[in-house]
Structures are given as C-alpha cells and as structure tokens.
Amino acid sequence: MLHRAILSPPRDRGGDRRPGTVHRVIPYDEFGLFSENAAEYGLPYPGPPAVRRVAVEVTPGRHVSSLVWGTTPPELVLVHGGAQNAHTWDTVALALGRPLLAVDLPGHGHSDGGPDGMLSIGTNGADLATVVAALAPEARGVVGMSLGGMSSIALAAAAPELVRALVLVDITPGVTAEKSAPITNFVNGPASFDSFDELLARTIEHNPTRSESSLRRGILHNAVQREDGSWVWRYARFRSAAEAPRPEFGDWWAAISALTVPLLLVRGLAWSVVDDGDVAELRRRQPTVTVIEVEGAGHSIQGDRPLELARILDTFLFPDAG
C-alpha cells in the first residue's frame, strides 16, 4: 500500500480577482488552530498536539487523506458527515487525548473524489476499509457522523474484522429527504462566494448557536481561497450536478441487523435527522443498542457539544480505562 505523509502542507493563497484589484488574502495553517479549539472549551493546552496528515492509495492513483493524532497506533477512527472534513473532530480529539485516526471521506477535505461520487455509501465503505486496514487496524471502535455513520456501516459490512464497536452520531438508515432538508439546502447552496465574509455570514445563518470563532475555523479547514480571491467549499470541487442531492440510506437497515459488535447511537435533541421511529427500528434490529440523547446539540453533535460527546465516546469505547 502506498502512503504519502504530508508533514507541512502549503498554505492556500489567493491572487487578484482582476488586474488592479486588491483583495484580502486569508492565511491558513492547517495545524495552527488547535490552541483556539482548546481555549474556547477550556481544555489544557501544553503545546501543539502530534498530528500529521497521511494519504493512502485506495485505488491506483486515487488517495484518501486522513489526520493521524498521536505517535502510537490509533485507538479509534472518526468519520465526518457530508460536506465536512476530518477537522470537525478537532475539539473532540483534544478532549479525548487518545491516538486516533480522523478520515477525510472521498470528495471531502484533502481526499480525492470517489469513484461513484462523494455520497456513495458503498464505495465510501470500501475506501474506509483500505484506509483503516492501513492506518488503524487495531482500533477499538469506529465513530461515524451522518454520511460518515452510514459509510461506517458499509465499512462494517465490507470488513467486519476492522470494526470492534460502532458509534453512530445522529444517523440511522431511516433518514429521508424531508428530515435532512435543512442540511441539503445548505450544502446545495452557492458553490462559490466572492469573499470570506460572505461565506462566514451564510455559515452563521445556518449555525446560529455556534461561536463565530468556531465557524471561522471550520471555514478555513473546509474552504479554499482561489486565485481570483473568491472562496469555494472543498467538497464543491467534486460535487456533480448529476449526483443525487443526498444518498439513499434505506437499503442499509439489513447491514444494521447483521452487526455483531457493540452499537451506540448518539442523538441530538435540539435538532436531529433521527426521529423516534428510527430509534424504535434500530432497537428492533439491535436490541442491545445503547442510545444516548444530548441536550442542546443539533445534528453535528461534535460541533455543538464536543466535550460531552468526547465523554460519551470515552465511556462507551474504553470502559476499562478508568
């Protein structure tokens, strides 16, 4: 397996929009924002954590990129939701303080596009199997949020030996277009923005409970300033007009039934794509499932309540650590 380790990725730079026009260039250091995460949530920060970016070749010439936290083998795997990237877990990772692997799904973050589009659960699962086998084969559990949760179910179906426990963050195969409409409406909005401020304003409108500083960090990790000074979401580079606006989740209930490992669903109570019927179906197919609901958290629990999510993951995946 071919790996590419990128220790100091170049900063994204912009150029002039037109001759004679001066625009604001926003500097970006991928590994220079962790202190802000720690400060916002009152976490100790003895210094920059050991984090490196590694790319794994999943098919000839196509790579999936990940963040590897720590210097020892990863103890868990984190998989983000649609239109997000591995940095959505930064505060959770700092709070956990464990070696872990945070993956950029195909078509997201620094990863290449997927063979069947960025929303293909089946091919995402196959790619995750290659990445986890290469970088985190002994991980205690896999944590997937939204699209990442569905892709993690596909991973468990394709390579069950790599999934010793599964955590679904605000997702089940019961998601419908109606339930996910607020997300898809945001994701399928403008592909580019004239300025960073315009992009920030739209993001604040979609996430009114988040701090502006956290949203600013999220944009820097999830968007690129182009040479003309405009901004584009990283995932928009791979978005296809022919691709369905959301994946079809229903066919994956059978994979839930086939699971033989500990299963946890973490559900946001402020706003969720998971309803009571989904929870009932999950319990019917996996009677031993643990369900934890988080007050004050919406769909992206890792962004709304990262410290609480970290405690939940630590208790569920490492019960013998205390």
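The buried residues of helix H6, residues 196-206, pack against helix H5 (181-187), strand E8 (192-193), helix H7 (212-222), strand E9 (223-225) and strand E10 (231-233). Buried means under 20% relative accessible area, exposed over 50%, and partly exposed in between, with a 1.4 Å probe and protein chains only. Contact means heavy atoms within 4.5 Å. Helices (H or I, at least four residues) and strands (E, at least two) are DSSP runs numbered from the N terminus.

This is a predicted model, where local features need pLDDT of at least 70 and side-chain atom pairs count only at pLDDT 80 or more, while totals for chains, interfaces and linings use all residues. Residues are numbered from 1 along each chain as its sequence is written, and side-chain values use heavy atoms, with hydrogens and water left out.

Back to H6. Its buried residues are Phe-196, Leu-199, Leu-200 and Thr-203. They cover an arc of only 100 degrees around the axis, so they sit on the same side of H6; the arc is that of the directions from the helix axis to the C-beta atoms.

Next, helix H9, residues 276-285. Here Asp-278, Val-279 and Leu-282 are the buried residues. They too cover an arc of only 100 degrees around the axis, which puts them on the same side of H9. Asp-276 and Arg-284, on the other side of H9, are exposed. What do the buried residues of H9 pack against? The partners are helix H8 (253-257), strand E11 (263-268) and strand E12 (290-294).

Now a helix pair. H3 (residues 121-135) and H4 (residues 147-158) pack at an angle of about 70 degrees, and their axes are 7 Å apart. The two helices are therefore roughly perpendicular to each other. On the cut-offs, angles under 35 degrees count as roughly parallel, over 145 as roughly antiparallel, 65 to 115 as roughly perpendicular and the rest as oblique. Axes are lines fitted to C-alpha atoms, for helices over the stretch in contact, and angles run from 0 to 180 degrees between N-to-C directions. The residues of H3 that meet H4 include Leu-128, Ala-129 and Val-132, and those on the H4 side include Met-150, Ala-154 and Leu-155.

Most residues other than glycine have a negative phi. Ser-146 counts as buried, at 12% relative accessibility. Ala-83 also is not a glycine, and has a positive phi of about 70 degrees. Ala-83 lies in the loop between strand E4 (76-79) and helix H2 (90-96), and at 12% relative accessibility it counts as buried.

On to the strands. E4 is covered on both faces, with Leu-76 and Leu-78 buried on one side and Val-77 and Val-79 buried on the other. E4 pairs with strand E5 (residues 100-103) in the parallel sense over 4 bridges; two strands pair if DSSP finds at least two bridges between them. The bridge partner of Val-77 in E5 is Leu-101. Strands E2 (residues 51-59) and E3 (residues 62-69) pair in the antiparallel sense over 8 bridges, and Val-54 has Ser-66 in E3 as its bridge partner.

Last, the overall numbers. The protein has 11 helices and 12 strands, and buried residues make up 55% of its 322 residues.
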